[in-house]
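Biologist: I have a chain open and would like to go through it piece by piece. Can you walk me through it?

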Amino acid sequence: REAVPAHSAVDRHMLQALARVAVSGFGAGATLDPDSRRPAARRDPGASRARSSRRQGSSSVVVHASGDGAAHSGIVEESVVHGSSLASVGISTRKKSVISESAATDPRPLSERIGIQGVHHVAVIVDDLAASMEFYRDFLGLPVNPDRPNDKLPYDGAWLMMGPEMVHLMELPNPDPTDAEFRPAHGGKDRHFCVGVKDLAPLTEALEARGVPFTASRSGRPAIFFRDPDCNTLEVVEGLEWRDRSSPKFVAR
């Protein structure tokens, strides 16, 4: 039998690189990092979890695919930003190579330097937008914010107001169990968002009339936890002292 020549180290490395590209689905929108021979990032939002590393002597951040998730980290090219690009809303996608002197010497916490104004919105994943709208809009009475850019977002959803903040409903595949059997019995032990109200009693009465189970907060506060049709947990607490400047419990910031 004729002997098959052994591959050189270079040949083996090239074959391994080609195999990795084939498995990872390297396609349009991806760039290849010459150091790792892997696609740096993909246009597909369901691509891979990414990790960032800095090239030697460069101010750009390269994003590498690791094949086990769907998130990007670091600065990515404008073409990989899903939906409307950051550039289109005036946000630079390029990291500056030199940090300003004032930022480097500013002793204030980052939260103060960026000027946090509060929670803008929370987002929950839903299976049936119509059913969720019946719960959030019709039952809870949250008004709809008409500013949602439906033509730009590639999934159905809605924005609803909770006082000055919002809850965003997103009709997308849910990575979490949507059967209450597989979630904690007490919503306070699950992921949740909390809404402050002046009077809790009308809500508990409405939940009881609708047959929606709820549990009391174990902290002793006047608060309850309940779930929406997709098992997303809401906490509602009575009392807004933390926002009321006239309250002795208000902490000036």
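Modeller: One term first: a residue counts as buried when its relative accessible area is under 20%, as exposed when it is over 50%, and as partly exposed in between. Also keep in mind that this is a predicted model.

Biologist: Fine. How many helices and strands does the protein chain have?

Modeller: The protein chain has five helices and 11 strands. It has 253 residues, and 28% of them count as buried. Among contacts in the chain with a separation of 6 or more, 43% are between residues 24 or more positions apart.

Biologist: Let's take helix 5. Which of its residues are buried?

Modeller: Leu203, Thr204 and Leu207 are the buried residues of helix 5. They lie on the same side of helix 5, because they cover an arc of only 95° around the axis.

Biologist: And which residues are exposed on the other side of helix 5?

Modeller: Glu205, Glu208 and Ala209 are exposed there.

Biologist: What do the buried residues of helix 5 pack against?

Modeller: They pack against helix 4, and also against strand 9 (214-216), strand 10 (223-227) and strand 11 (233-238).

Biologist: Stay with helix 4 for a moment. At what angle do helix 4 and helix 5 pack?

Modeller: The angle is about 140°, and the axes are 13 Å apart. Helix 4 covers residues 129-139 and helix 5 covers residues 201-210. Their crossing is right-handed.

Biologist: Which residues of helix 4 and helix 5 meet?

Modeller: From helix 4 there are Glu134, Phe135 and Phe139, and from helix 5 there are Ala206, Leu207 and Arg210. Of the residues in this contact, four are nonpolar, two are charged and none is polar.

Biologist: What comes just after helix 5?

Modeller: Gly211 does, with a positive phi of about 85°. Further on, Pro213 sits in the loop between helix 5 and strand 9.

Biologist: Is Pro213 buried or exposed?

Modeller: Pro213 counts as exposed, because its relative accessibility is 67% and the cut-off for exposed is over 50%.

Biologist: What is Pro213 in contact with, leaving aside its neighbours within four places in sequence?

Modeller: With those neighbours left aside, Pro213 is in contact with Phe225 and Phe226. The C-alpha atoms of Pro213 and Arg227 are separated by 7.8 Å, and these two residues are 14 residues apart along the chain.

Biologist: New topic: cysteines. How many disulfides does the count come to?

Modeller: The count comes to zero disulfides. A disulfide is a covalent bond between the sulfur atoms of two cysteines.

Biologist: Is Cys231 buried or exposed?

Modeller: Cys231 is buried, with a relative accessible area of 6%. Cys194 is partly exposed, at 39%.

Biologist: Where does Cys231 lie?

Modeller: Cys231 lies in the loop between strand 10 and strand 11. Although Cys231 is not a glycine, it has a positive phi of about 70°.

Biologist: On to Asp190. Where does it lie?

Modeller: Asp190 lies in the loop between strand 7 (165-171) and strand 8 (192-197). Asp190 counts as buried because its relative accessible area is 11%, which is under 20%.

Biologist: What does Asp190 touch, not counting residues up to four places away in sequence?

Modeller: With those residues not counted, Asp190 touches Arg183, Pro184, Arg227 and Thr233. Asp190 and Asn232 are 42 residues apart along the chain, and their C-alpha atoms are separated by 8.8 Å.

Biologist: Last one: which strand is Glu238 found in?

Modeller: Glu238 is found in strand 11. Glu238 is partly exposed, with a relative accessible area of 32%.

Biologist: And what does Glu238 touch, not counting residues up to four places away in sequence?

Modeller: Not counting those, Glu238 touches Val197, Lys198, Asp199, Leu200 and Pro222. Between Glu238 and Leu200 the distance is 5.7 Å, C-alpha to C-alpha, and they are 38 residues apart in sequence.

Definitions and conventions: Residues are numbered from 1 along each chain as its sequence is written. This is a predicted model: local features need pLDDT of at least 70, side-chain atom pairs count only at pLDDT 80 or more; totals for chains, interfaces and linings use all residues. Side-chain values use heavy atoms; hydrogens and water are left out. Axes are lines fitted to C-alpha atoms, for helices over the stretch in contact, and angles run from 0 to 180 degrees between N-to-C directions. Helices (H or I, at least four residues) and strands (E, at least two) are DSSP runs, numbered from the N terminus. A crossing is left-handed if the near helix is turned anticlockwise from the far one by less than a right angle, and right-handed if clockwise. Contact means heavy atoms within 4.5 Å. Ala, Val, Leu, Ile, Met, Phe, Trp, Tyr, Cys and Pro count as nonpolar, Asp, Glu, Lys and Arg as charged, and the others, Gly among them, as polar. A disulfide is a pair of cysteine sulfur atoms within 2.5 Å. Buried means under 20% relative accessible area, exposed over 50%, partly exposed in between (1.4 Å probe, protein chains only). The arc is that of the directions from the helix axis to the C-beta atoms.
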